[in-house]
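Let's take a walk through this one together, from one end of the chain to the other. Have the viewer open and follow along.

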Amino acid sequence: MLRYATILFLVLCLQLLAGCTTGKVTRGIYDGIRVRNDLQGSPAERFGKPQEPDYQEYERMRKEQR
């Protein structure tokens, strides 16, 4: 019984830690996808395209739309 309680406690602690870091995780995912998309195109394809906004600019634009 003590083993199950310990495992449950550890799982709850991990969920708490994951909840506290969601801001950094979402920023990392956004930046990773942005860089990946940028690197997939050739320099000629990227030449005329405007650069995608960074995460702070993205968050500002998203909040303005609400």
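This is a predicted model: local features need pLDDT of at least 70, side-chain atom pairs count only at pLDDT 80 or more; totals for chains, interfaces and linings use all residues.

What follows goes from a surface patch to a pocket and then to the salt bridges.

Residues are numbered from 1 along each chain as its sequence is written, and side-chain values use heavy atoms, with hydrogens and water left out.

Start in helix α1, which covers residues 2-20 and is where you'll find Y4. Helices here are DSSP runs of H or I with at least four residues, strands are runs of E with at least two, and both are numbered from the N terminus. Y4 is exposed, at 63% relative accessible area. For that label, exposed means over 50%, buried means under 20%, and partly exposed is in between, using a 1.4 Å probe and protein chains only. Together with I7 and V11, Y4 makes a nonpolar surface patch of about 320 Å². Patches take residues with over 30% relative accessible area and no salt bridge, joining like charges within 9 Å and nonpolar side chains (Val, Leu, Ile, Met, Phe, Trp, Tyr) within 5 Å. The areas come from the Shrake-Rupley method with a 1.4 Å probe, and for residues only the protein chains shown count as cover.

The largest pocket has a volume of about 310 Å³. On a 1 Å grid over the protein atoms alone, a pocket is an open set of points with protein on both sides within 12 Å along at least five of seven lines, and lining residues have an atom within 4 Å of a point. Grid points are joined across faces, edges and corners, and the volume is the space filled by probe spheres set on them. Which helix supplies the largest share of the lining? That's α2, with 5 residues. Both α2 (22-40) and α3 (43-46) give at least two residues each. The lining includes R34, N37, E45 and K49. By class, it has 3 nonpolar, 3 polar and 6 charged residues. Here Ala, Val, Leu, Ile, Met, Phe, Trp, Tyr, Cys and Pro count as nonpolar, Asp, Glu, Lys and Arg as charged, and the others, Gly among them, as polar.

R27 and D31 form one at 3.9 Å, N to O, and they sit 4 residues apart in α2, about one turn of the helix. D31 also pairs with R34, with the closest N and O atoms 3.7 Å apart. So R27, D31 and R34 are linked in a network of salt bridges. R27 is partly exposed at 37%, and D31 is partly exposed at 22%.

Finally, look at helix α4 (residues 55-64), where R60 and E57 lie 3 residues apart. Their side chains meet in a salt bridge at 2.3 Å, N to O. R60 is partly exposed at 38%, as is E57 at 29%.

Notes:
A salt bridge is a side-chain nitrogen of Lys or Arg within 4 Å of a carboxyl oxygen of Asp or Glu. On a 1 Å grid over the protein atoms alone, a cavity is a set of points where a 1.4 Å probe fits but cannot get out, and a pocket is an open set with protein on both sides within 12 Å along at least five of seven lines; lining residues have an atom within 4 Å of a point.
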